[in-house]
Amino acid sequence: MTTKQQDPIKVAENTEYILAERRDSVVLLTLNRSKALNALCDSLTQELTEVLDATERDDSVAAVVITGSAKAFAAGADIKEMQPKTFVDVYLEDFITSSWERPSTVRKPIIAAVSGYALGGGAELAMMCDLIIAAESAKFGQPEITIGILPGAGGTQRLARAVGKSKAMDMVLTGRMIDAAEAERMGLVARVVADEELVSEAVAVATKIANFSKPAVLLAKESVNRAFETTLSEGLRFERRMFHAAFATEGQNEGMDAFINKREARYSDR
């Protein structure tokens, strides 16, 4: 199914490093600092925060895709920007926390469409998203150890939860890169597609999600995320309550009625 392109969403002021494009109810965000392999400087992360804030406020947006260039999703943080900083600098400005983590708190589903390098902060940005679709050319890594530091935007935490202790230790302590096939085997990425199909596949997945009941999608995302924050018994209790809550939505009645009557469901946002 082809998607109708609409006008770009309006973001606050400077959008030098983020290109925003509407695909019906999906917003495609492209990191646009290709000369620096999309290195994550302060300006880029602040702009990404602003545009994600805008998508959260826009009720017509149901899902988001974040991608980069063919050569690099994002090749890490901007080392030249970080190198002069001291402990006091990064501590007082709350470096990373203050502007990097917005993708992890967005309620709407976010898909990372990764081709080329996703290293350091780039890999961490991808892991902040709800799922990763990788092109065959994708390379993932946490090379911070090679420049005298360690991952600081989730690389020791989200990576370990995604792939387990041994694989995470291997990547974090050696700085080695893995290709898309290994990333899929490890469970880091959801699927691998040909490079030329990456964005269309990610948008298609986002569109499929966007066409379901919005409350059900939000409840499901919240429930999965809860699994990483609590015990199994508490997680199951939370899931059960979210399941019960779904019966208060119009989507539950519409979806089940459509199934029983063998017709296509027409979901609202209620």
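This is a predicted model: local features need pLDDT of at least 70, side-chain atom pairs count only at pLDDT 80 or more; totals for chains, interfaces and linings use all residues.
The chain comprises 11 helices and 11 strands. Its C-alpha atoms occupy a box of roughly 60 × 45 × 40 Å along the principal axes. The radius of gyration is 19 Å, which agrees with the value near 18 Å that a compact globule of 270 residues would have. Of the 270 residues, 45% are buried. Among contacts with a sequence separation of 6 or more, 64% are between residues 24 or more positions apart.

The burial of β4 was examined on each of its faces. In a regular strand, side chains alternate between the two faces of the sheet. In β4, Ala 63, Val 65 and Thr 67 are buried on one side, and Val 64 and Ile 66 are buried on the other, so that both faces are covered. Because 5 of the 5 residues of β4 are buried, this strand is largely enclosed by the rest of the structure.

Helix α1 (residues 42-57) contains 16 residues and spans 23 Å from its first C-alpha to its last, close to the 22 Å expected at 1.5 Å a residue. The buried residues of α1 are Leu 44, Thr 45, Glu 47, Leu 48, Thr 49, Val 51, Leu 52, Ala 54 and Thr 55. The cover over these residues includes strands β2, β3, β4 (63-67) and β6 (110-114), together with helix α4 (121-128).

In helix α11 (residues 250-260), the buried residues are Gly 251, Glu 254, Gly 255 and Ala 258. Viewed down the helix axis, these buried residues fall within an arc of 95° and therefore line one face of α11. The face turned away from the buried side carries Asn 253 and Ile 260, which are exposed. After α11 comes Lys 262, with a positive phi near 55°.

Two further buried positions lie in other helices. Val 163 belongs to helix α5 (residues 158-163) and counts as buried because its relative accessibility is 13%, below the cut-off of 20%. When residues up to four places away in sequence are not counted, Val 163 touches Ala 168, Met 186 and Leu 188. The C-alpha atoms of Val 163 and Ala 183 are 8.7 Å apart, with the two residues separated by 20 positions in sequence. Ser 223 is located in helix α9 (residues 214-226) and, with a relative accessibility of 18%, likewise counts as buried. Apart from its neighbours within four places in sequence, Ser 223 is in contact with Phe 238, Glu 239 and Met 242.

Key:
Residues are numbered from 1 along each chain as its sequence is written. Side-chain values use heavy atoms; hydrogens and water are left out. Buried means under 20% relative accessible area, exposed over 50%, partly exposed in between (1.4 Å probe, protein chains only). Helices (H or I, at least four residues) and strands (E, at least two) are DSSP runs, numbered from the N terminus. The arc is that of the directions from the helix axis to the C-beta atoms. The expected span of a helix is 1.5 Å times one less than its number of residues. Contact means heavy atoms within 4.5 Å. The radius of gyration is taken over C-alpha atoms; the globule rule is 2.2 Å times the number of residues to the power 0.38.
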